[in-house]
Amino acid sequence: MISLWRDMNRRGQVVLVVAVLAMLLAPVVATRYLLSVLTLILYFVYVGQAWNLMMGYAGQLSLGHALYVGLGGYVAAGLWVHFGIGPWLGVIPAVAIAAAFGAFIGWLAFRFGIEGVYFSLLTIAFAEFTRIGFDHIGPLGGAGGLFIPYQESRLGEWWNLRGGQLFFYYLAFVLAGAAVLLTAWLARSRLGHQWMAIREDETAARALGIDVFRAKMKAVLISSAMTAVGGVFYAFYYNNLFPAQVFEMSRSIELILGPIVGGLGTVFGPVIGAFVLTPLGELLIAVTDKAGLNAPGAKAIFFGLVLMIIIYLVPGGVWPWLSRRLGLVRRRS
Amino acid sequence: MRLETRVRPSRRQVLGGAVAAGAMLAAPAVVRAQAKALKVAVLLPRSGLLAAAGQACHRGAVVSPKVLADFGYAVELINVDFESNVDVARTQTERAIAEGANCVVGAFESGATLAIAQVCEQRQVPLVINIGSVPQLTEQGYKYLVRNFQTNPQLVSGGLRLVKDLMAATSVPFKNAVFVHANDTFGTAQRAAMDRLFPAAQMPFPLLESIAYDPKAQDLAVEVTKIRALAPELVLVTTRSSDAIKLVRDMVRQRFEPKAIVSPGSPGLYDEEFYQALGPLADFHLYNLPWANPKAQMTQALAAAFKTAHPTNRFEVDCFNAGFTFEGIMVAADAFKRAGSTDGKALMEAVKATNIAEHVMTGGPIQFDEKGQNNNIQAAVVQNRNRTPTVVLPPEIAVSAPVLPMPSWQGRS
């Protein structure tokens, strides 16, 4: 945290403080619509950051991260619906189960030398297996979905994640903030440096004496556990889970777009990515609706075009470019 | 020397100003409550995975204000595409309400509908579900939600009952049946309903087996071989159009000809895509679903407006999606007419007290029970004839007699 602060120059520190204050005070001025968009942004900051640890720092491309969102959500929601166990307690088994899945995938891949695109395929395969499996788990609703009852009388029960838009906004803010701080700390830790060494050249890292298997396993474990917490948030925010939606490949892609656009392997990349992509999507919907444009997929085409332009102009991500342009970080000699 | 130009306002002026300011601030609420037309946000999946159905619903929505105006209702629409995405559904509901929507209609898909329902509940804005069959939608305790559509069990039980009616009307008995369904959300829910309801329906033939398939499979040859081995006279199906095409193609390839292929409450057999891909092979399939009553005056008005607005689309094909979306908007408009206010609470009370006898879809008057479910919707038997959905039962609304057994695949022109 301190090193993150020290890495910024005076201007960067002022921008950070203003941004945090603005987010804290946003509910005072923001409409409910804006607040719901901000909540979504913060959710994507959080899960994007979790994925960023694994890909951005450790260099392990997971394309099935929706698996952990789904597992986290289903475990916590299932415990709440069937046993009345609140999500603050439910999050513990949710994280444990997701981390166990992550550990198994990691062990399978790293122990048997499944790397690169093959590792990515393995992560997709596990997400798909699990989706099909959950389609047939009767107590969790199967393909018909799991529903968390909406009870107006329990709306104030923040300890059971039963709250309104404001509550979920601040919860997402805390999660996103914690994820940023954790990433900043890990990036500067011994483990973070090991990850970066592995990302750059695994053989060289091994030659330097780094226990590559252990370091990569830690990346998968931390990332899957963090993502599962995002899944608990998702389940209690939307109050319903369908395997076809929550484990879907498109969900995984949605989750990783922010860090890619924002800047992989940077602390603020996923933050900037989420702040660019989610409002862009909302803006394009509003514009196409106002223009009366009813061609299916028109928005997706515009979105894709804008994404291509961003990636073409700033291939290293928006954050590294922006921080250089605005002079937000200290120049290293 | 300093010129004194400031004038101190008197107490009366301050009081007058405060009253004026208060009136200005209160005006939007008063204007809202006395609005002449109801602003209805219609949230549909017009792009993404469910785009085809969402577009069909949308076509019904865009002609609704004009048709409803002819029947004395005033509505303005805010059309929103939520891209078959739950996140977008939630944020766009907030946007629509912020833009002044007094009521929401949607959303075809159950997950998105529940996301919308939470926003509506918190904002006290009525939500009228046009299409969405998951029973839990009306079992979650939402106070600002009603559903003008059948639940999965209602769809299946209504569909099975009509199979009996079909047998009676044509005097063609079935010795046995097989149920084939996609293993997606809808298909699995239909299977659960079928497992529970088939024995209770006391059908005059046994259900030999239920066969699930992956709708993403390249072909359904294995499944059709399995069905063929069982030699059923009736094949009950729950499909979407793309897999219905694969199913029929493989049946033709394997020369498997049951007496009838009937969908007891699912889409797939009446999409334009199905007709175009299969040509004459798309004919004579049957589906037991709530349908637009071809003899109702309002259906004819909606069909006429639809043809003018969408000359390249057929109302007969779109009428299921378009009809229910139209009815959803009508429920909201009718409640507004009775309530005389756009206030959420008053509007919702009026929605719950809905009693509309003259409407588009088959069944009795639109009324909602204490949970917000309309239990008066009735299914009809619809058969593809010359690649056009044609109501063949019940007799009072039928425009043609059912053809059973269906003619052989060979020799169809």
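The domain assignment, which is automatic or taken from a database, divides chain B into domain 1 (38-150 + 294-352) and domain 2 (153-289 + 380-393). The model is predicted: local features need pLDDT of at least 70, side-chain atom pairs count only at pLDDT 80 or more, and totals for chains, interfaces and linings use all residues. Residues are numbered from 1 along each chain as its sequence is written, while chains are lettered from A and ligands numbered from 1 in the order in which they are written.

**Overall layout of chain B**

- Chain B has twelve helices and twelve strands, where helices (H or I, at least four residues) and strands (E, at least two) are DSSP runs numbered from the N terminus.
- Along the principal axes, the C-alpha atoms of chain B fill a box of roughly 110 × 40 × 40 Å.
- Chain B has 413 residues, of which 53% count as buried; a residue is buried if 20 or more other C-beta atoms, placed from the backbone, lie within 10 Å of its own.
- Among the contacts in chain B with a separation of 6 or more, 70% are between residues 24 or more positions apart; a contact requires C-beta atoms, placed from the backbone, within 7 Å.

**Between the domains of chain B**

- Taken over C-alpha atoms, the centres of domain 1 and domain 2 of chain B are 29 Å apart.
- Twelve residues of domain 2 of chain B are in contact with nine residues of domain 1 of chain B.
- On the domain 1 side, helix α11 (residues 315-339) of chain B gives the most, with three residues.
- That side divides into six nonpolar, two polar and one charged residue; Ala, Val, Leu, Ile, Met, Phe, Trp, Tyr, Cys and Pro count as nonpolar, Asp, Glu, Lys and Arg as charged, and the others, Gly among them, as polar.

**Strand β9 and its neighbours**

- From strand β9 (residues 260-263) of chain B, Ala260(B) and Val262(B) point one way and Ile261(B) and Ser263(B) the other way, and all are buried.
- Strand β8 (residues 234-238) of chain B runs parallel to β9(B) and is joined to it by three bridges; strands pair if DSSP finds at least two bridges between them.
- Leu234(B) has Ala260(B) as its bridge partner in β9(B).
- From β8(B) the chain passes through helix α8 (residues 241-253) of chain B to β9(B) in a right-handed β-α-β crossover, that is, clockwise from the first strand over the helix to the second with the strands pointing away from the viewer.
- Two bridges join β9(B) to the parallel strand β10 (residues 286-289) of chain B, with Val262(B) opposite Leu286(B).
- β9(B), helix α9 (residues 272-278) of chain B and β10(B) form a right-handed β-α-β unit.

Terms used. Two residues are in contact if their C-beta atoms, placed from the backbone, lie within 7 Å. A residue is buried if 20 or more other C-beta atoms lie within 10 Å of its own, exposed if 12 or fewer, and partly exposed in between; C-beta atoms are placed from the backbone.
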